Structure formats: C-alpha cells, structure tokens
Amino acid sequence: MDDGVVQLDLTLSVTVVPQANNLALFVRLMDLIHRGQQETSGLANALAVEERTVNYYVEFGRWLKLIDDGVSLSDAGRSFAASVPARGRLFAQAMFDRRLIRTVQALKRESRNEDGVETLDTREACTRAIRGLTDLSESTTVRRASGLAQMLEVAYRPSSIDWTTGAAHAHPTFKLEYTGRSFATALGARQFGVAREFRIGFPRQVCEFVAKEGRGISAADWGRASWNTADGAAVWFGGVPINKSTIDVAGRGGRDLRRFLVQVAPYVALAVAILTYRVQPGRPAIRLTSDMYGPRFWNHERELGAPLQVVDKLAQALDLVPTKGVPRALLDAEARLLEPGTDADLVELLRAAGFIQADDTTFAVAPGIDAELRDAGDDAASLADLLGPAWTTFGQMQRR
C-alpha cells in the first residue's frame, strides 16, 4: 500500500464496466422492452439514439440482471418495469449487489477519518475501483467512473428520482418549517451544559409517527420540535413536530423521512451515530443484534448493552440529560403517545425507516446511509457535520 491508496485484490477483476450515465434513458428503454419492443433498431428509433447507445443501455440492464441474454426482461426486470413505486428499491438493490459497487463501497468505507466521516467521494472511489479491477485505459477509466458514479448516487438517493420518467425531481431536497429548534443543529453547535440544560426523551409518539406514517397524532399537542421550560433553564427534545409537511414526509418515507428523524428525534440521531461510527476504515465498529435476550449493541465481540442504555450513556457524555418524562405542556396529549419507547421500539423504528436491514439476528446499516449523512443538500451543514460531536465522544468512550 502506498500513499494511502487501498490495495485491491486483482483476483477479483471485473470484465464489465457499464457505460450508461442517463437514468431517464434507461427507464424509457425498460418501459419499451416491457411493452414488447425488443429490436435494437426499433428501440433506437423510439429513443431517438444510435443503435450503439441502445447496446450500451441494454448491457447496463444485463449488468444489473434486469435484462436477460438477448433483449428481454428478467423476473426482476419485469418487476421493475411493472411497478413504478418499487423501481427505486429494485434499482438500488441491483446496484449494491454488483461486485464492482461493493468494491467502491469498501474504498469509501476505508477512507473514513477518526470521526467516521468518509473522505473519498463517489466518483474518485469509482475511478480507483475500475483502475484496480480492469485493464481499461486511463481515459476510459475516468469516463466510465463518471457514469458509474452518477448511477450510484441515484442508488444512494432513490427518493430524489421521479421513477415514472427517471428524471430527478425538480426539488430533490426538502425544506421543513416547524416551531422549535432541531436537535441535530443543537448537537452540532455543542451548546450543552453551558447556560441551559438539554433534556432528551424517546416517547412512543416518535414510533407511531413512523409506523402510522404520521396519521392519528394531534398537531395541536405535538406542534414543536423542542420545548422550553417555564423558567428558561432547560430545553426538551424528543417528540416529532406534526404539521402537513411532516405528515407528507412520513407518508413518502425514504431518505427524506430518515433525514427528518435524525434532525428532530434525539434517540434516533444518537442511535444512528453509534451504528455509523467506525474505528478502522472499511470495517463497522458497532453491530446491533436482537435475539431471545433482546436487542444489544456490540463493539466487535464486546457487549455494550441494550440500545437505550448505550444511547443514554452517550447522551450523558455529551452533557445531555436523558429523561422519561415530558414537558408539562404535553400532559394533555394522548397518554399512549407519552409513554417512553422501548429498546424493541427503537430497533423497529430504525428498520421501518430504512436505517438498518435485518440479517437473521443481526442488523446492518442499510446501503447508502453514509452518503445520506454526508449530503448537505440545501442546508448549511450535512448531518455528518452535525453528528460529528457524537462520533467523537462515542469514540472517546470506547477508548477508555
């Protein structure tokens, strides 16, 4: 290994690197094949491109295993073409299943700094992977890496795409306005233990917000993201603010919902920070299991404890005050929503929102979550910037 570049195992060389870089064209191709057009010349005429370009995009579909040999759709390809709502999930699943993409992911993970933030962008990771796993010329490598990176960014953020057409939404990032301060912003500012006490809770209201897609929760009771005590000495973060736009986000799900939850729900934000913390580049430091003994966080083979217990310890190290109670202003809210959530509730919330994926009794961080945290969008800072203090503090706790 020289100058910090990860050495790739060249026995895992790949023979196909796709040349497609226009998702809208690929979606139109899939629709045409699904409707029975399988002649290259007919596809070229319908798409207003050269036959050579059609061949590039058919090869991309074969690489994703959405198109079989010839020009016909596989079972997965037919599912993709027949169900617009499923397209984003199926495309991302197909991308992340490819060996080349797994290598790109490994390179990005191994670039994480001591705070767990990836320092290698997607295009450069694609360039290094293609350079190491193929015999392509440098100019071809750079060109193919550019196209691959564009498609991989779609897999990271499928909710940014209108999958009817394959075009990016006019406003792929979202802006939410609600009363009260964002927990993630407060965490990033490190304004704890100074003039005001910062209290955090995990009411069942957050769990039901995700499980029921925002329905059935009174906006009158839960209209704020934070609550000030009457004497001004403390601020409480815990519940999810309810209004039309946040209910829309809950119904839409995906990346926007995850971003919103990290912004406003402290137990979600700290749990995500724990799950995405890395000690060694390319290797997850923390894993989450759930078996007959209940959910547990582990640092490799060392048990850290139940999720809420570990989150509470991290919160206290950050000069936050975990509480089971809620502000007096919420006491008129429905009692079931005021009850504190459990470890199982937190794990199910993380799974339902798409932060983690189950593999038997172990949960892994879902593909693309690290990229979502790094994406600043239209905001002044990315979630990775705001979660930085949590990563740093959690690392200090593990080294003691």
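How many of the residues of helix α10 are buried? Of its 8 residues, spanning 204-211, 6 are buried, and the helix is mostly covered. Buried means under 20% relative accessible area, exposed means over 50%, and partly exposed lies in between, with a 1.4 Å probe and protein chains only. Helices are DSSP runs of H or I with at least four residues, strands are runs of E with at least two, and both are numbered from the N terminus.

Please note that this is a predicted model, in which local features need pLDDT of at least 70, side-chain atom pairs count only at pLDDT 80 or more, and totals for chains, interfaces and linings use all residues. Residues are numbered from 1 along each chain as its sequence is written, and side-chain values use heavy atoms, with hydrogens and water left out.

The buried residues of α10 are Q205, V206, C207, E208, F209 and V210. They pack against α11 (244-252), α12 (254-264), α15 (335-338) and α16 (343-352).

Let us turn to helix α16, where L349 is found. L349 counts as buried because its relative accessibility is 3%. Its contacts (heavy atoms within 4.5 Å), leaving aside neighbours within four places in sequence, include V206, C207 and V210. Although L349 and C207 are 142 residues apart in sequence, their C-alpha atoms lie 5.9 Å apart in space.

Finally, I consider backbone angles. Just after α10, E213 has a positive phi of about 55 degrees. A48, in the loop between α2 and α3, has a phi near 60 degrees and is exposed, at 68%. D319, in the loop between α14 and β11, has a phi near 65 degrees and is partly exposed, at 48%.
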